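Hi everyone, thanks for coming. I'd like to walk you through a structure I've been looking at, so let me put it up on the screen.

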Amino acid sequence: MPLNDDQNSDSDSSRLSESTASSSDLEYSRQSFNSDSSSKPSSPASSPPKAITFDELMAATRNLSNWTLAHEIAVNANFCIKHEDYPQNSFAGTVKQIVHKAFWDHLESELNEDPPEYEHAIKLFEEIREILLSFLTPGANRIHNQICEVLDTDLIRQQAEHNAVDIPGLANYIINTMGKLCAPIRDNDIKQLKATDNIVELLRQIFHVLDLMKVDMANYTIKSLRPYLWHNLVDYERTKFQEILEETPGALNLTTEWIKESIEDELSSVSDESSSSPGADSSSKPIISPTLVLNNGYLKLLQWDYCKTIPETLITDEVRLQELREKLNQLKIIACVSLITNNMVGAAIVDLPDFADHLKRISLPLLEGMNKKSFDLKEALNAIGIQICSTVNKSLSERGLPTLSEEMQSNLMGQIAHIVEKNNPVCSLIDKRIQLFMRSLLTLPSSQKCMPTVPGGLSVIQTEMELLGSQYASIVNFNKKVYGPFYANILRKLLFPEAAVEKTEAETSSN
């Protein structure tokens, strides 16, 4: 999209001709638009409690915005800016339409006067000039000079005084320049501009296409920045979060509570194991692994109630974690249905090699949106049960075998419907095995590329589990890299409070 000066020069035969930029300019702009394009990590520092001013709050908000945006650009390959407009039937859309129509009607009346009034048109050309210049890279002096020369508003005003402004010629130059600067996706828009005869409508459409080109330019910039952001993201996010922490000292309160809950869960688990082990020394203080505590905290995110606020250090991945939880819940239901079906009518589906795929095809659409409060899981499970009975009976009939009895079908559908019940044994079993698989992913060395063995009962969803597991592990491992020093400080204070106090006293005495 951007242009440089190291292209072939254009002919200067006409200021308003299409030859004001060479074909190599056009090729360079297209190639540029479509091309793909370390410092020491900062350590977290503690800050004493303090009152927060409005300016400090706004600074923290800006840091939070930059931090989340940079993270999203780097980790989400599909992130882009879209051109949005108000719905036509909305109040805002109606107001915008009325105001714009009034403006363009007024411009048309001015240009139709005798002699024409050009002042508003000149201001539009000035704005168009600035937009075109914003698309250029530093050093694109030749095309920069051409745009400034042709859209010289002082010269246009002098021409207006003598009623000698060539508005169609200026518009034609603008369209040709836009055609050389735009992305290939805008070629059709440029053609439509060239086919527009009404000058006011033409100017109106020029601004519309320029708005689209601004979005294209922003997305091109995002695409170019992504490799750089990804390379520097750990240090950048850690530094930004440290700035937020210094401006709002309570910025780790939820994270501390999240880790504290994980410690309490682990202590409870160790206590249960000790009480069940004869000869265990109940007076000794249990030793808890900080890594285990942190991993248990990450696992809890897969069952997190997202009506609650997520820990501060995970805000940037909240949407991704919520989507993972929803997909895992869907897969859990499918695995439960598969296990129940195999246990009850396994002999009837033994000769159906594609039964697992068929089960997923009928279940996933019916389970879409199952995490919404309005979703009726019992109704969805009933529909899945009906589909399974129909599929099994059809297969049995085709093979000349007796179909399932009414009692068998009723029992099968009843067992599937009972999945919704709290502490359902099949659901609890599948849930534990999913947790086991996810836990094993978090304990893998980062250098190990192969997946751990999928526990029994999950083979029907193995492919999907490996994909989601890979995404989950990627989120967790990156989060550990960025916020590891912050977590270490919190764990040190919660697990080893005596050592944390001694360290604080030593730092105080040295100061």
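How many disulfides does the structure hold? The count is 0. Quick reminder for anyone new: a disulfide is a covalent bond joining the sulfur atoms of two cysteines. And do keep in mind that this is a predicted model.

Take Cys 336. Its nearest cysteine sulfur belongs to Cys 427 and is 4.2 Å away. A disulfide needs the two sulfurs within 2.5 Å, so Cys 336 is in no disulfide. Cys 336 is buried, because its relative accessibility is 0%.

Okay, another cysteine. Where does Cys 182 sit? You'll find Cys 182 in the loop between helix H7 (167-181) and helix H8 (187-194). Cys 182 has 0% relative accessibility, so it counts as buried too. Along the sequence, Cys 182 and Met 217 are 35 residues apart, and their C-alpha atoms are 8.7 Å apart in space.

Cys 389 is buried, at 3% relative accessibility, and it is one of the H14 residues that make the contact with H15. Helix H14 covers residues 377-398 and helix H15 covers residues 406-417; they pack at an angle of about 145°, with axes 9 Å apart. H14 passes H15 in a right-handed crossing. On the H15 side, the contact includes Leu 412, Met 413 and Ile 416. What classes of residue make up this contact? There are 8 nonpolar and 4 polar residues, and no charged ones.

Now for the rings. The count comes to 9 aromatic pairs. One of them is Phe 241 with Tyr 483: edge-to-face, 5.4 Å centre to centre, with 80° between the planes. This pair links distant parts of the chain, since Phe 241 is in helix H9 (residues 199-247) and Tyr 483 is in helix H17 (residues 462-495), 242 residues apart. Phe 241 also pairs edge-to-face with Phe 486, at 5.2 Å centre to centre and 80° between the planes. Phe 486 is in helix H17 as well, 245 residues from Phe 241.

Last stop: Arg 129, in helix H4 (residues 119-134). Buried or exposed? The cut-off for buried is under 20%, and Arg 129 has 14% relative accessibility, so it counts as buried.

Note on methods:
Residues numbered from 1 in each chain as written. Predicted model: local features only at pLDDT ≥ 70, side-chain atom pairs only at ≥ 80, totals over all residues. Heavy atoms only, no water. Helix = DSSP H or I, 4+ residues; strand = E, 2+ residues; numbered from the N terminus. Buried < 20%, exposed > 50% of the residue type's maximum accessible area, 1.4 Å probe, protein only. Axes fitted to C-alpha atoms, helices over the stretch in contact; angles between N-to-C directions. Left-handed = near helix turned anticlockwise from the far one by under 90°. Contact = heavy atoms within 4.5 Å. Nonpolar A, V, L, I, M, F, W, Y, C, P; charged D, E, K, R; others polar. Phe/Tyr/Trp six-rings, centres within 6.5 Å; stacked < 30°, edge-to-face > 60°.
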